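This report is meant for a reader who is meeting the structure for the first time. Please look over the sequence and the model below before reading on.

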Amino acid sequence: LTIPVSGALDFLSLGALIHRLDPGVIPFRKASQCSIHVSGGEFNCAANLADCFRLKTGIATAMVDYPIGELIGERVRAMGVQPFYKRFAHDGVRGPNMATVYSDQGHGVRAPIVFYNRSNEAAGMLKPGDFNWSEIFAGGVRWFHSGGIFAALSATTPELIIEGMKAAKAAGAVTSFDLNYRAKLWQVSGGLDKAQETLNRIVEHVDVLVGNEEDLQKGLGLTGQDVESHSKLDPGAFLGMMEEVASKLPNVKAVATTLREVHSTNRHSWSAVLWLEGQTYQAKTIELDVIDRIGGGDGFASGLIYGMLAGKDPQTALNLGWGHGALLTTYPGDTTMATIKEVEAVASGGSARVQR
């Protein structure tokens with residue numbers, strides 16, 4: 001895996017910006033107020049890498065010119081991410097819209113519930129030709145990233161991802177893709193067969209995959225062990241699929257995933273595993289006291305990518321992803337509030353003793 005040593009941008013993502021309404025521990029049907037979190041799987045990685053790890057990052061995405069778009073744009077600026085927007089005008093009534101995700105935090109035995117309003121979403125209207133890739137990549141981009149949620153939005157978004165991946169490859173960037181298989185989204189976009197056909201075409205252009213064994217099986221149609229018969233912390237089912245990944249996807253140099261056993265909404269056992277060019281690495285297992293689990297996987301991917309961009313050895317890079325993902329579950333919202341020193345402390349085995 002050869003990573004460029006420099007570039008105008010360390011990391012560029014392509015995906016949808018959304019805002020998530022969060023009533024905290026109150027179920028939506030009883031909610032009287034909500035927090036607003038700006039999010040999106042691809043944006044979260046760019047925001048985390050900029051804010052915590054101090055890298056130069058950007059996002060190519062859709063932006064609608066209305067107050068919700070302005071709210072989202074303010075958060076993009078605040079997190080230090082350079083935007084490359086395809087702008088859409090709002091008609092004042094029907095859209096196009098910036099998508100809304102609804103997710104309470106749950107508590108104890110009550111799981112969080114996630115549902116969407118992605119009707120007339122501007123990001124789903126994005127298509128090949130909407131971004132000037134030669135201009136965006138002109139100064140050099142070290143790493144390009146997208147994900148399966150964006151791929152599920154419409155018939156044109158996967159073609160845009162492939163166009164972006166090809167441009168990134170031509171510019172010498174490493175490419176990564178988070179499978180992020182979401183059954184609800186693919187159900188309205190053609191179902192499982194469509195998901196597998198689409199995602200398999202995309203991953204032909206990918207160097208680094210993020211996804212667990214369920215993502216690999218359902219998203220890519222790879223065979224594997226019955227994931228329900230294994231502990232969620234056992235990397236065996238995941239690692240057992242790597243030979244098939246190496247055979248069917250020879251372009252993929254690395255695959256990484258979190259390992260999470262959910263004991264209750266607020267108590268998780270947490271680990272992670274990385275397969276890199278035939279070698280495997282595993283983080284240790286710790287117990288997490290979770291405030292908000294949304295974004296934890298993106299937190300893991302961000303820390304791992306930072307470690308690889310920073311030239312760390314594979315185990316250290318994995319530990320940084322594992323540590324940052326763990327920390328992210330201790331904050332409300334979808335993006336980081338951690339400092340790099342805090343991540344390094346957790347990654348190297350630091351405790352939660354008061355820092356004086």
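## Cysteines

The sulfur of Cys-45 lies 13 Å from the closest cysteine sulfur, that of Cys-52, which is too far for a bond, since a disulfide is a pair of cysteine sulfur atoms within 2.5 Å. The structure holds 0 disulfides. Cys-45 is buried, with a relative accessible area of 0%, whereas Cys-34 is partly exposed at 37%; here buried means under 20% relative accessible area, exposed means over 50%, and partly exposed is in between, with a 1.4 Å probe and protein chains only.

## Basis and confidence

This is a predicted model, in which local features need pLDDT of at least 70 and side-chain atom pairs count only at pLDDT 80 or more, while totals for chains, interfaces and linings use all residues. Residues are numbered from 1 along each chain as its sequence is written, and side-chain values use heavy atoms, with hydrogens and water left out.

The mean pLDDT of the protein (the predictor's confidence in each residue, from 0 to 100) is 93, and 96% of its residues reach 70 or more.

## The largest pocket

Where is the centre of the largest pocket, and which residues lie nearest to it? Asn-180, Tyr-181, Arg-182, Arg-260 and Arg-293 lie nearest the centre, among the 50 residues that line this pocket. Its volume is about 1,600 Å³, and the largest share of the lining, 6 residues, comes from strand β11 (residues 254-264); helices (H or I, at least four residues) and strands (E, at least two) are DSSP runs, numbered from the N terminus. The lining divides into 19 nonpolar, 16 polar and 15 charged residues, where Ala, Val, Leu, Ile, Met, Phe, Trp, Tyr, Cys and Pro count as nonpolar, Asp, Glu, Lys and Arg as charged, and the others, Gly among them, as polar.

A pocket is defined on a 1 Å grid over the protein atoms alone, as an open set of points where a 1.4 Å probe fits, with protein on both sides within 12 Å along at least five of seven lines, and lining residues have an atom within 4 Å of a point. Grid points are joined across faces, edges and corners, and a volume is the space filled by probe spheres set on the points.

Phe-28 lies in the loop between β2 (18-22) and β3 (35-39) and is partly exposed, with a relative accessible area of 22%. Leaving aside neighbours within four places in sequence, Phe-28 is in contact with Leu-21, Pro-23, Cys-34, Tyr-102, Ser-103, Asp-104 and Phe-115.

His-205, in the loop between α7 (191-203) and β10 (208-210), counts as buried because its relative accessibility is 19%. Not counting residues up to four places away in sequence, His-205 touches Ile-162, Met-165, Lys-166, Lys-169, Thr-175 and Asn-251.

## Backbone features in loops

Arg-54 has a positive phi of about 60 degrees although it is not a glycine; this residue is in the loop between α1 (41-51) and β4 (57-65) and is exposed at 66%. Glu-277, also not a glycine, has a positive phi of about 50 degrees, and is partly exposed at 47% in the loop between β12 (267-276) and β13 (279-282).

The peptide bond from Gly-95 to Pro-96 is cis, with omega near 0 degrees, and Pro-96 is placed in the loop between β5 (81-89) and β6 (99-103).

Conventions. Contact means heavy atoms within 4.5 Å.
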